[in-house]
Amino acid sequence: MVNGYVAASLKEALEIRAAHDVVPYAGGTDLMVENRKGVEYLFLSKVPELKQIAVDDEYVRIGAAVTFTEALASADVPRLMKEAASRIAAPAIRNAGTFGGNLGNGSAKADSVLIEFVADAKLRLVSKKGERIVDVDKFYLGRKKLDLADDELIAEILLPKQGLEQYSYEKVGGRNALAISRVSFAGVFAAEGGRITNVAAAFGAVADTVLRYKDIEATLLGKTVDEAKALKEDYLKAYADRMVLTRGRVSAEYRKTVCMNLLRDFLTKFGI
Amino acid sequence: MEKISQSVVKKDHATKVSGRSVYVADYPSEGVLCGKMLHAKVARAKVLSVEVPELPEGYFYVDASDVPGDNNVNIVLDDTPVYCRETVEYIGEPIAMLCGPDEKVVEQLRDACKVEYEELEPVIDLRTATEAFFDYRFGHGDVDKAFAEADKVYDEEFETGYQEQAYLETQGMMAEPEEGGRMFVHGSVQCAYYVHGAVMRALGCGPTGVHILQDVTGGGFGGKEAFPSILGCQVAVAAHKCQKPVRCVFDRREDMEYTSKRHPSLCRYKVAVKDGRVTAMDIDVIFNAGAYSTLSAVVLQRGIIAAPGIYNVPNLRVHGSAMKTNTSPCGAYRGFGAPQTFFAVEMMMDHIARDLGVDSLAFKEAHLVKQGDPTSTCGKYHFPVPIPAMIDEVDRACDYRKKRALYAKPQTGRYRRGIGMSMYFHGAGFTGSGERDLIKAVAKLRKYKDGTVEILASNGEIGQGVRTTFPKIVANELNLPLDKVYYDHPDTARVPDSGPTVASRSLMVVGELLRRAAIKLREQWVDGEEQEVEEHFKEPDFMIPFYIDKFEGDAYPTYAWAVNAIEVEIDTYTGVGKILGAYGSFDVGTPIDYNVVMGQMEGGFLQGIGYASIEKMDYDAKGRIRNNSFSDYLIPTTKDVPNMQCMLHVEKYPDGPYGAKGAGELPLVGAPGAYVEAVEQALGGVTLNHAPFTAEDTLAVITKEAI
């Protein structure tokens with residue numbers, strides 16, 4: 001027997017969240033499989049404030065209970081995020097699975113979370129007491145480890161509106177559908193006045209959390225493409241040295257080789 | 001298309017698609033005890049003691065001491081215990097069953113049992129196994145002379161892995177004591193009479209002391225050929241002790257980890273070539289049987305008979321052994337030993353051709369068997385071998401020859417392409433003289449007063465369509481509408497033994513019995529009367545008798561044939577192989593229902609592609625299978641082979657109904673050979689020797705060879 005609370009508004013949801021020991025439940029695509037014993041759920045799929053996709057000056061704001069199918073139908077969601085969302089599982093899962101759930105599950109394999117990492121997305125977390133905005137990499141601390149208090153809910157993902165136009169995205173799954181990522185890669189590139197302003201690279205499904213090395217990225221920032229080209233091999237070596245990957249459904253060596261191939265391809269794609 | 005081939009709506013279509021079919025897990029739980037298995041946690045150990053928690057009233061602990069008859073399950077040999085003996089021989093071996101009304105309580109009790117083991121050294125690695133359950137040798141010609149006179153000798157080893165049947169419905173059986181002491185056992189089974197024999201023995205009763213019903217069965221693929229005999233005995237013993245109905249349904253992890261899978265194999269081929277032709281093969285086939293022998297004898301027989309492929313090999317020596325290891329016993333899976341050896345021989349021929357600088361297809365064509373040629377066991381290919389025409393069909397469908405030549409040229413860039421082809425047979429029916437000497441199939445037709453006709457046979461509907469195709473044959477001969485002829489799930493209390501639902505035999509062998517029975521009934525037909533006719537199996541006159549001790553004679557009366565081509569595109573950055581197209585020409589004789597046969601061909605081909613590419617299952621150093629769920633053991637989806645083209649080539653078999661031959665297993669067998677050959681080509685002509693060949697394997701080759 002499933003026990004839980006159905007919230008009709010965000011206010012109600014936050015009150016229940018504060019008063020009871022509940023597991024937030026949006027689409028349930030992970031939680032149904034987990035089928036934890038003796039827990040109470042807080043059902044969020046009917047909370048209107050969490051179901052919206054909005055745009056402000058800086059961000060595309062995706063509500064935590066927005067499903068992947070809904071995002072795919074939205075003109076506001078960046079193409080990079082749509083590409084990742086379109087590769088998640090299969091239509092039935094995408095109809096139910098949500099952005100908040102993908103985050104809340106705390107897995108480095110989460111396909112939408114990879115994009116949030118590479119895009120420097122922020123999260124708006126809310127509780128009865130108020131709200132706070134955190135960077136996704138400060139929120140996502142490790143396997144099943146999230147900076148989320150017992151009375152908090154993820155309300156929105158704030159995805160930068162601009163700067164995600166030039167990208168590489170790759171998902172390596174065990175098959176073409178219904179596949180958990182074995183390696184995923186997202187790279188975002190931007191240049192202004194001939195100088196590189198962004199060369200973000202994020203790796204999913206290869207360690208306890210999504211990997212991104214901003215200090216290594218920084219070595220190429222402000223450089224021209226030609227200057228970056230000269231630094232390319234050192235840059236790749238810095239990644240190779242830094243990346244200590246775990247084994248999972250595939251070996252750590254396989255993951256490493258794929259990550260390095262995809263990173264090199266990303267640079268090549270933008271002339272580096 | 002002939003009238004008999006025209007598709008009809010399957011008889012079980014409506015109940016299945018509407019979710020109304022009742023599977024063994026669907027019977028109400030009221031009054032039924034739930035059984036949960038206490039599985040061994042180590043690969044080999046003496047079981048010193050089991051500390052069972054105090055059992056509430058109505059809960060039971062059932063083990064070997066409760067077996068009223070013989071604690072040995074009758075399969076081919078009798079070495080598989082109902083519940084473990086003094087030792088356990090693999091991780092997962094059933095030590096006991098906990099039974100009771102509440103599933104959660106039963107689970108808790110099971111988990112609270114403390115087993116004390118004295119661990120023994122297990123044999124995990126097939127290469128270090130020394131105990132052979134079965135060891136066979138056969139051959140012909142002068143192999144040593146041929147090797148001595150050879151221009152060149154090739155020596156290679158090939159390996160294949162496990163494959164899990166992944167049927168939708170897991171293993172599940174239920175036993176109900178009936179008034180008068182008879183035991184009723186029913187569940188998800190392929191072979192009701194196998195279960196019947198096994199349960200009789202475990203309970204120590206006569207043939208009328210038990211009866212077995214096949215419930216609606218959610219797929220078998222061989223996985224429910226022998227295993228239900230074991231589980232059937234276990235629930236029957238439990239029901240006998242508890243004197244209540246007991247049901248045991250495996251969860252997916254239990255099923256994937258502990259029930260029978262396809263035998264991993266290790267094949268060594270030594271081949272002598274003179275003047276550009278194969279003059280001899282010296283073949284060593286090793287199958288990993290697992291801890292008990294179950295079906296390994298017959299799986300191995302089929303495997304080694306197919307070892308030289310469909311090529312004329314004038315001098316042949318074959319040695320096959322099924323080795324004991326302390327792992328889950330392997331068993332039947334669609335193809336039954338043949339996919340392993342066909343993979344090896346197809347790769348071997350390909351490798352020799354490449355070394356000789358000739359095209360692999362041309363090399364294979366030059367060695368093809370044809371009608372009248374001897375088989376590997378000195379039998380005869382009595383009927384035309386349609387392979388050359390089927391090669392042309394596949395070539396036309398995918399431009400094989402042109403692509404093969406194109407992709408052989410040096411390729412650059414991230415994505416590289418290759419195409420490969422395999423050709424093979426599947427021997428229809430039981431191996432050797434099994435149909436004549438062991439099965440002796442009997443089938444009946446019962447006509448009721450209202451003119452409806454019931455088919456009485458023991459072949460189970462497992463998705464392959466016998467509930468539809470059997471009635472089609474009978475209705476056709478009796479000139480009756482199809483709804484006047486029906487075939488229910490077999491209950492051994494009321495149907496004769498027409499043999500097991502295995503070996504692609506049901507339609508060809510039992511279908512023909514039913515056709516003859518229908519003719520007999522037509523000739524005797526009297527309106528308004530209840531009538532019954534019976535037919536017995538008769539071996540066709542042309543057969544050269546088979547001797548299993550010498551592996552000599554006709555191993556099969558006829559063969560279903562196939563040619564497969566698979567085109568891949570390899571992503572050299574990730575190792576992922578994208579299947580651009582899969583093409584198959586299949587000769588199963590006359591299709592008795594076009595849609596049913598095409599469903600079999602497409603589904604089987606896809607299973608074969610999974611076996612070739614992504615379905616990897618292995619055990620660790622302790623003998624434990626780790627990837628025991630559908631998120632860790634991946635089978636292909638339709639998205640993985642978006643372009644599949646199956647074609648039927650009809651070479652009729654005169655002794656099958658309307659020319660039909662065995663169909664069920666054929667489509668799975670050839671995919672690994674075609675797929676891996678395609679990967680080899682895409683990688684610039686490397687030599688690959690194992691299947692499945694995964695993305696990880698591919699990337700390792702790319703790294704090593706600096707491709």
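A: Two strands count as paired if DSSP finds at least two bridges between them. Helices and strands are themselves DSSP runs, numbered from the N terminus: a helix is H or I with at least four residues, and a strand is E with at least two.

This is a predicted model, in which local features need pLDDT of at least 70 and side-chain atom pairs count only at pLDDT 80 or more, while totals for chains, interfaces and linings use all residues. Residues are numbered from 1 along each chain as its sequence is written, and chains are lettered from A and ligands numbered from 1 in the order in which they are written.

Strands of a sheet pair through backbone hydrogen bonds, either parallel or antiparallel.

Strand 19 (residues 442-447) of chain B is mostly covered, with 5 of its 6 residues buried. Buried here means that 20 or more other C-beta atoms lie within 10 Å of the residue's own; with 12 or fewer the residue is exposed, and in between it is partly exposed, the C-beta atoms being placed from the backbone. Strand 19 of chain B runs antiparallel to strand 22 of chain B, and 6 bridges join them. B:V442 has B:H536 of strand 22 as its bridge partner. Strand 19 of chain B also pairs with strand 20 of chain B, in the antiparallel sense and over 4 bridges. In that pair, B:R446 is the bridge partner of B:E454 in strand 20.

Strands 19 and 20 of chain B form a hairpin with 5 residues between the strands, and B:G451 takes a positive phi near 90° there. B:V453 stands opposite B:V485 in strand 21.

Chain B is divided into domain 1 (33-122 + 171-249), domain 2 (265-431 + 552-705) and domain 3 (434-536), with bounds that come from an automatic or database domain assignment. Between the C-alpha centres of domain 1 and domain 3 of chain B there are 32 Å. Their contact takes 17 residues from domain 1 and 14 residues from domain 3 of chain B, where two residues are in contact if their C-beta atoms, placed from the backbone, lie within 7 Å. On the domain 1 side of this contact, helix 4 (192-203) and strand 13 (210-214) of chain B are the elements that give two or more residues. The residues of that side divide into 8 nonpolar, 7 polar and 2 charged. In this count Ala, Val, Leu, Ile, Met, Phe, Trp, Tyr, Cys and Pro are nonpolar, Asp, Glu, Lys and Arg are charged, and the others, Gly among them, are polar.

Strand 1 (residues 33-39) of chain B is another mostly covered strand, with 6 of its 7 residues buried. Strand 1 of chain B runs parallel to strand 14 (residues 246-249) of chain B, joined by 2 bridges, and B:L33 has B:V246 of strand 14 as its partner. With strand 7 (residues 94-100) of chain B, strand 1 runs antiparallel over 6 bridges; B:L38 stands opposite B:A96 in strand 7.

Of the 707 residues in chain B, 58% are buried. Among contacts in chain B with a separation of 6 or more, 82% are between residues 24 or more positions apart. Chain B also touches chain A, in a contact that takes 14 residues from chain B and 17 residues from chain A. The chain B side of that contact has 6 nonpolar, 4 polar and 4 charged residues.
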